[in-house]
Amino acid sequence: MQNGFVKSFNGRMRDEFLNETLCRNLAHARELIAVWVSDYNTQRSHSALGYQTPAGYARNLTNAIARPAAQDESSARQATAQPAPIGVNTNWAPVAAG
């Protein structure tokens with residue numbers, strides 16, 4: 001699965017950076033790539049993160065981990081069957097075996 005992310009990143013870098021940028025030399029290319037990668041990893045929203053920026057996703061994740069669990073977020077199993085509605089007779093009469 002990791003290979004899919006690499007291909008996606010490479011495609012975006014080619015389409016959004018390499019096809020539109022003219023570099024004077026290798027040092028200039030490295031500088032521009034560092035800026036583009038930094039922007040890609042911090043400022044851009046990503047569909048895999050619910051269209052949040054990586055920094056925003058990390059902040060929300062940190063806040064979610066730090067907050068105490070709400071009362072309704074129990075790990076106890078919920079009842080499988082619901083109680084009978086009011087007015088429904090749940091008293092069963094014993095039947096004699098024949």
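Trainee: In which helix does I65 lie?

Mentor: This is a predicted model. The helix in question covers residues 54–66, and I65 falls in that range. The helix that holds I65 is α3.

Trainee: Is I65 buried or exposed?

Mentor: Exposed means over 50% relative accessible area. I65 has a relative accessible area of 66%, so I65 is exposed.

Trainee: Which residues make the nonpolar surface patch of about 310 Å²?

Mentor: I65 is one of the residues in that patch, and I65 lies in helix α3. The patch is made by I65 together with Y57 and L61.

Trainee: How many helices and how many strands does the protein chain have?

Mentor: From the N terminus on, the elements run α-α-α. The count for the protein chain is therefore three helices and zero strands.

Trainee: What percentage of the 98 residues in the protein chain do buried residues make up?

Mentor: A residue counts as buried under 20% relative accessible area. H46, with a relative accessible area of 17%, is therefore buried. For the protein chain of 98 residues, the buried share is 9%.

Trainee: How far apart are the end C-alpha atoms of α2?

Mentor: Helix α2 has 17 residues, and at 1.5 Å a residue they should span 24 Å. The expected span takes 1.5 Å times one less than the number of residues. The separation in the model agrees with that expectation: 24 Å.

Trainee: What arc around the axis do the buried residues of α2 cover?

Mentor: The buried residues of α2 are H28, A29, W36 and Y40. They lie on the same side of α2, because the arc they cover around the axis is only 100°.

Trainee: Which exposed residues does the face of α2 turned away from its buried side carry?

Mentor: The buried side is formed by H28, A29, W36 and Y40. The face turned away from that side carries the exposed residues R30, E31 and V35.

Trainee: Which residue caps the N-terminal end of α2?

Mentor: Helix α2 covers residues 26–42. A side-chain oxygen of the capping residue lies 3.2 Å from the backbone nitrogen of A27. The residue that caps this end is N25.

Trainee: How far apart are the closest N and O atoms of R12 and E16?

Mentor: R12 and E16 both lie in helix α1, four residues apart, which is about one turn of the helix. R12 is partly exposed at 41% relative accessibility, and E16 is partly exposed at 29%. A salt bridge needs a nitrogen within 4 Å of a carboxyl oxygen. R12 and E16 form one, with their closest N and O atoms apart by 3.6 Å.

Trainee: How far apart are the closest N and O atoms of E16 and R44?

Mentor: E16 and R44 form a salt bridge, with the closest N and O atoms 2.1 Å apart. The pair links distant parts of the chain, with E16 in helix α1 and R44 in the loop between α2 and α3, 28 residues apart. The N to O distance asked for is 2.1 Å.

Trainee: Which residues do salt bridges that share partners join into one network?

Mentor: A search of the whole structure finds three salt bridges. The side chains of D39 and R44 meet in one of them, at 3.1 Å from N to O. Salt bridges that share partners make one network of R12, E16, D39 and R44.

Trainee: The side chain of H46 reaches the backbone oxygen of which residue?

Mentor: H46 is placed in the loop between α2 and α3, and H46 is buried, with a relative accessible area of 17%. The side chain of H46 comes to 2.9 Å from a backbone oxygen, that of Y40.

Trainee: Phi of Y51 is near what value?

Mentor: Y51 is in the loop between α2 and α3. At 62% relative accessibility, Y51 counts as exposed. Its phi is positive, in a residue other than glycine, and is near 60°.

Methods:
Residues numbered from 1 in each chain as written. Predicted model: local features only at pLDDT ≥ 70, side-chain atom pairs only at ≥ 80, totals over all residues. Heavy atoms only, no water. Patch = residues over 30% accessible without salt bridge, like charges linked within 9 Å, V, L, I, M, F, W, Y side chains within 5 Å. Areas by Shrake-Rupley, 256 points an atom, 1.4 Å probe, with all protein chains shown as cover. Helix = DSSP H or I, 4+ residues; strand = E, 2+ residues; numbered from the N terminus. Buried < 20%, exposed > 50% of the residue type's maximum accessible area, 1.4 Å probe, protein only. Arc of directions from axis to C-beta. Polar contact = N/O pair within 3.5 Å; in protein donor to acceptor, adjacent residues only side chain to side chain.
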